[in-house]
Amino acid sequence: MLAAMVTSRAYTLEMLGATHKKGGTKEHAKNRSKVLDQVREVGELSAEQTMLRDILRRRYQVLKAALNHHRLPSWPFNSAFFALLKVENSDALRRGLLQDGVGLVAFPGALRLSYSTIPEGEIDRLVATIA
């Protein structure tokens, strides 16, 4: 999607330059207005992407700290969306956690945690429940 926005922005800026060079007819003024609106939207999307990236990074950092604090091992993961936690008897643990309202995906020897969907303030409590 980012590549599409960058391409769209380059195209938009190219159109802006083209309409600017052509002069001042009413049609060109309308086109310039539309192009400027598109450029503003791209800037707003970029700000939103930065904000969401920061939220995911903070959740990642909080999760890493919680896993260390509760001594819960995990497979290596990055600041994306999921973490695989190393656990024994993952399916039984998953079913027990489900009784507590915690839904995780079980793999042999691991539970997949979708930390991108958990509010930052809830991550430590969730890890404590799993541990």
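What follows is a working chat about a predicted model of one protein.

Biologist: What pattern does the protein follow along the sequence?

Modeller: The pattern reads α-α-β-α-β-β-α, with four helices and three strands. Helices (H or I, at least four residues) and strands (E, at least two) are DSSP runs, numbered from the N terminus.

Biologist: How many aromatic pairs does the structure hold?

Modeller: Two. Rings of Phe, Tyr and Trp (its six-membered ring) pair if their centres lie within 6.5 Å; planes under 30 degrees apart count as stacked, over 60 as edge-to-face and the rest as tilted.

Biologist: How do Y60 and F77 pair?

Modeller: They are edge-to-face, at 5.5 Å centre to centre and 80° between the planes. Y60 lies in helix α2 (residues 26-69) and F77 in the loop between α2 and β1 (82-86), so this pair ties together parts that are 17 residues apart in sequence. With Y115, the two form one aromatic cluster.

Biologist: Is F77 buried or exposed?

Modeller: F77 is buried, at a relative accessible area of 13%. Buried means under 20% relative accessible area, exposed over 50%, partly exposed in between (1.4 Å probe, protein chains only).

Biologist: What lies over the face of F77?

Modeller: K64, at 4.9 Å from the ring centre. The charged end of K86 sits over the ring of W75, 4.3 Å from its centre. A charge sits over a ring if NZ of Lys or CZ of Arg is within 6 Å of the ring centre and within 35 degrees of the ring normal.

Biologist: Switching topic, where is S90?

Modeller: S90 is in helix α3 (residues 90-99) and is buried, with 7% relative accessibility.

Biologist: Which residues does S90 touch?

Modeller: Leaving aside residues up to four places away in sequence, S90 touches A106, F107, P108, G109, A110 and L111. Contact means heavy atoms within 4.5 Å. A polar atom of the S90 side chain lies 2.5 Å from the backbone oxygen of F107.

Biologist: And overall, what share of the residues is buried?

Modeller: Of the 131 residues in the protein, 23% are buried. Among contacts between residues at least 6 apart in sequence, 54% join residues at least 24 apart.

Technical notes
Residues are numbered from 1 along each chain as its sequence is written. This is a predicted model: local features need pLDDT of at least 70, side-chain atom pairs count only at pLDDT 80 or more; totals for chains, interfaces and linings use all residues. Side-chain values use heavy atoms; hydrogens and water are left out. A polar contact is a pair of N or O atoms within 3.5 Å; within protein, one must be able to donate a hydrogen and the other to accept it, and residues adjacent in sequence count only if both atoms are side-chain atoms.
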